Amino acid sequence: MAPDAAGTASEARRLLRAAEVALIDERRLLDADELRALATLDDEHVPALTALAHAVRLAWCGPTVEVEGILSVKTGGCPEDCHFCSQSAQFSETLPATPFLDIDEVLSAARETARTGASEFCMVLAIRGPDERTLQRLIDLVPVIEAETGLNVAVSAGILSEDQARRLADGGVHRYNHNLETARSFFPQIVTTHTWEERYETCLLVRRCGMELCCGALLGMGETLEHRVELLGQLQELDPTEVPLNFLNPRPGTPLQIRRPLGPLEALRWIALFRLALPGVILRYAGGREVTLRDFQAMGMTAGINALIVGNYLTTLGRSPDEDLRMLEDLQMPIGALTGVI
Amino acid sequence: MGGAFCRWCGALDCDRCRQSPYEAPRHCQRCGRLLRVTVHPTGWEARCRRCRTVTGSAEPSGTAPLSEGG
Ligand code: SF4
Ligand SMILES: [Zn+2]
Ligand SMILES: [Zn+2]
């Protein structure tokens, strides 16, 4: 082996060992420099990185996997211009707007979710933020779904005012989803109709009002390694209960349709880095995993993931819940509800 | 004519779209019009307002056979 390659290998082992001591022995978070160093390890070290992430997940969160079903209760016609989204009304050829689903459709989707063994059901709306009628409909639906299915109910309805956040919390919403998607410094290249700061503010409100915060990321939009490390720091600051990790599945008609999905090895590297940056978080497999990871999907479960969205997504399809449930059984990972580790 | 409209791009007799099992159809195969699609956790339905047809699947993956009703 060439001396410089040996040097790289021993440096990699040193970095991984230092991260292990920090996260498992000292139980402290990694900083941006430590994360950047791990992010730049050669591809040959990705298996060691994922093995460490799996050990950290088990040490901080245990073996349980949380399963969730999601439903787009109001699809398309969104006034915002998130460049990855097929539900924006700002681009040509995106999805036609459909009205709020009726209660029977929502309940039937919640029952389907419960039958998969899931503990969480999230209603998602393609809106900037809820108007009074929408908010009231959501508040009316939450106790009905809970009583019918026993599921925890989550909501994703965009930017909230303090009063709206409080009413959702009082109405029994268990977890509220609002994604940062990407780093503050990259966000203006992806969205121009609202700011990263507006998103951040809603995330803070959600926590202040007593709901669990679910705040996700979307990788593969053209962001750099530095942007991803920046986002990890911002998520560490925000300290959400859950981080759903999405991979861009380029949508026809959107400005990001020209991008290619991340490669599976890169996706695994970043799953591991999310776990190493956020050791106690519920790290959920979300949209795009099928097209990004293909045959590597089980490997994500041993690289730091401890939750998944089962079945279909909002407007695209997922693999069969039976396949995911079999994967969890084969991995001997029990299914159950999780809550963030403090 | 006699051809079918592409379920993905809506063009007549399209031979360029590759069917992904992870996409619900977007266009009606009979008339090419945009469908109103509802995706739920374990299936999907697509309605064409012009043809008054409903297609769908009770399986998440789009490779499952389509059922069709009026
Ligand atoms: S706010 Fe949500 S639904 Fe609207 S364009 Fe952005 S991501 Fe899509
Ligand atoms: Zn086509
Ligand atoms: Zn038709």
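Reader: What spacing do the donors of the zinc ion (ligand 2) follow along the chain?

Author: Their spacing is C-x2-C-x4-C-x2-C. This is a predicted model, where local features need pLDDT of at least 70, side-chain atom pairs count only at pLDDT 80 or more, and totals for chains, interfaces and linings use all residues. Residues are numbered from 1 along each chain as its sequence is written, chains are lettered from A and ligands numbered from 1 in written order, and side-chain values use heavy atoms, without hydrogens and water.

Reader: Which atoms are the protein donors of the zinc ion (ligand 2)?

Author: They are the SG atoms of B:Cys6, B:Cys9, B:Cys14 and B:Cys17, 2.3 to 2.4 Å from the ion. Donors are N, O and S atoms within 2.8 Å of the metal (3.2 Å for Na, K and Ca); water is not among the atoms, so sites may look incomplete.

Reader: Why is the arrangement around the zinc ion (ligand 2) called tetrahedral?

Author: Four donors count as tetrahedral if all angles lie between 85 and 135 degrees. Here the four donor atoms subtend angles of 107 to 114°, so the arrangement is tetrahedral.

Reader: And what makes the arrangement around the zinc ion (ligand 3) tetrahedral?

Author: Its four donor atoms subtend angles of 101 to 113°, which makes it tetrahedral. The ion is coordinated at 2.2 to 2.3 Å by SG of B:Cys28, B:Cys31, B:Cys48 and B:Cys51, and these donors follow the spacing C-x2-C-x16-C-x2-C.

Reader: Why does B:Cys48 count as buried?

Author: Buried means under 20% relative accessible area, exposed over 50%, and partly exposed in between (1.4 Å probe, protein chains only). B:Cys48 has 3% relative accessibility, so it counts as buried. B:Cys51, with 23%, is partly exposed.

Reader: Nice, now to chain A. What surrounds ligand 1?

Author: Around ligand 1 are A:Cys78, A:Glu80, A:Cys82, A:Phe84, A:Cys85, A:Ser88 and A:Ala126, where being near takes a heavy atom within 4 Å.

Reader: How does this shell divide into nonpolar, polar and charged residues?

Author: The shell holds five nonpolar residues, one polar and one charged. Ala, Val, Leu, Ile, Met, Phe, Trp, Tyr, Cys and Pro count as nonpolar, Asp, Glu, Lys and Arg as charged, and the others, Gly among them, as polar.

Notes. Tetrahedral: all angles 85-135°; square planar, octahedral: opposite > 155°, others 65-115°.
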